[in-house]
Amino acid sequence: MLRRRLTVEYDGSAYNGWQVHNNAPSVQESLEKAVERLSGRASRVRGAGRTDAGVHARGQVAVAELPAALPVEKIAEALNTRLPDDIAVVAAAPAADDFNPRRGCVRKQYSYSLSLGPIRPALGDKRSWHSKRPLDVDAMRTAASLYLGDHDFTSFCNRELAENDNRRTVERSELVELRHDGAGRRRLVYRVEGRSFLYNQVRAMVGTLFGIGTGRFAVDAIPAILAARDRAAAGESAPPWGLCLEWVLYPGENPPEDFDGLFS
């Protein structure tokens with residue numbers, strides 16, 4: 001058996017997140033079952049991040065032990081025939097014995113997709129957060145930049161899952177607008193990058209930007225919300241279905257070009 005690095009894409013709609021749960025399906029469990037069917041032995045598949053229930057991924061990274069006789073270029077095809085249609089291994093590569101997809105990560109990107117307009121989307125309705133309410137996109141864009149830097153993000157994580165050290169460094173925080181779709185809806189993609197994020201942090205950040213767009217919060221409210229260190233000070237968490245783990249990087253690797261969130 002040899003350790004292999006897997007890049008995994010999945011639609012998280014049917015899963016209770018990445019991590020194995022006793023009474024609910026998970027992406028990790030599906031991958032472990034596929035590995036066991038392929039290799040004939042049970043093996044833990046470890047990922048770079050524990051995405052929430054309903055959250056998607058284009059570039060989750062995982063490590064698994066697979067038969068040495070299976071050429072690395074055949075791994076994706078072999079696993080995909082044993083995986084459900086909403087999970088796909090898109091690439092495989094050799095992995096060092098000490099490769100840890102979570103601890104070794106130096107940067108990752110999440111995107112969040114929003115659509116604005118009076119007509120709700122029927123196609124891809126679980127790929128973006130749709131709002132009929134007009135939003136002040138310029139204010140949201142300005143506010144997004146206030147997340148940049150090293151901050152205590154206690155206000156942006158669930159109280160019961162807060163860590164002893166809730167400081168995180170946000171290296172990119174940008175709201176971009178794509179061209180309108182065929183129904184005239186505005187399409188927005190929020191991109192955020194950093195080495196790691198707290199549980200529910202990105203969704204809380206997006207929900208707070210949404211609150212700024214509706215006028216609930218002032219455009220310059222972010223610093224005060226951060227300083228409060230209180231989850232009640234920030235906005236409600238955005239729904240999970242607009243969130244996607246786009247990619248995970250390791251030392252010496254360069255990021256891919258930006259994707260258009262879940263609109264692409």
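The side chain of R127 makes a polar contact with the side chain of D11 at 2.3 Å, a polar contact being a pair of N or O atoms within 3.5 Å in which, within protein, one must be able to donate a hydrogen and the other to accept it, and residues adjacent in sequence count only if both atoms are side-chain atoms. This is a predicted model, in which local features need pLDDT of at least 70 and side-chain atom pairs count only at pLDDT 80 or more, whereas totals for chains, interfaces and linings use all residues. Residues are numbered from 1 along each chain as its sequence is written, and side-chain values use heavy atoms, with hydrogens and water left out.

R127 is located in the loop between β5 and β6 (129–131); helices (H or I, at least four residues) and strands (E, at least two) are DSSP runs, numbered from the N terminus. With a relative accessible area of 26%, R127 is partly exposed, on a scale where buried means under 20%, exposed over 50% and partly exposed in between (1.4 Å probe, protein chains only). Not counting residues up to four places away in sequence, R127 touches D11, S13, H56, S113, W241, G242 and L262, contact meaning heavy atoms within 4.5 Å. The C-alpha atom of R127 is separated by 9.9 Å from that of G54, and these two residues are 73 residues apart along the chain.

Helix α3 spans residues 137–144, and its buried residues are V137, A139, M140, A143 and A144. They lie on the same side of α3, because they cover an arc of only 160° around the axis, as judged from the directions from the helix axis to the C-beta atoms. An α-helix has 3.6 residues a turn, so residues three or four places apart point the same way. The buried residues of α3 pack against β5 (107–116), β8 (167–178), β9 (186–194), α4 (201–214) and α5 (222–228).

How do the axes of α3 and α4 cross? They come within 8 Å and cross at roughly 140°, where axes are lines fitted to C-alpha atoms, for helices over the stretch in contact, and angles run from 0 to 180 degrees between N-to-C directions. The two helices α3 and α4 are therefore oblique to each other; angles under 35 degrees count as roughly parallel, over 145 as roughly antiparallel, 65 to 115 as roughly perpendicular and the rest as oblique. In this pairing, A139, M140, A143 and A144 of α3 meet L209, F210, I212 and G213 of α4.

E32 lies in helix α1 (residues 27–39) and counts as buried at 14% relative accessibility. Its side chain reaches the backbone nitrogen of V45 at 3.1 Å. H151, in strand β7 (residues 149–152), has a side-chain polar atom 2.7 Å from the backbone oxygen of L148.

Two loop residues remain to be considered. Most residues other than glycine have a negative phi. N200, in the loop between β9 and α4, has a positive phi near 75°, and N200 is buried, with a relative accessible area of 8%. R229, in the loop between α5 and β10 (243–249), likewise has a positive phi, near 50°.
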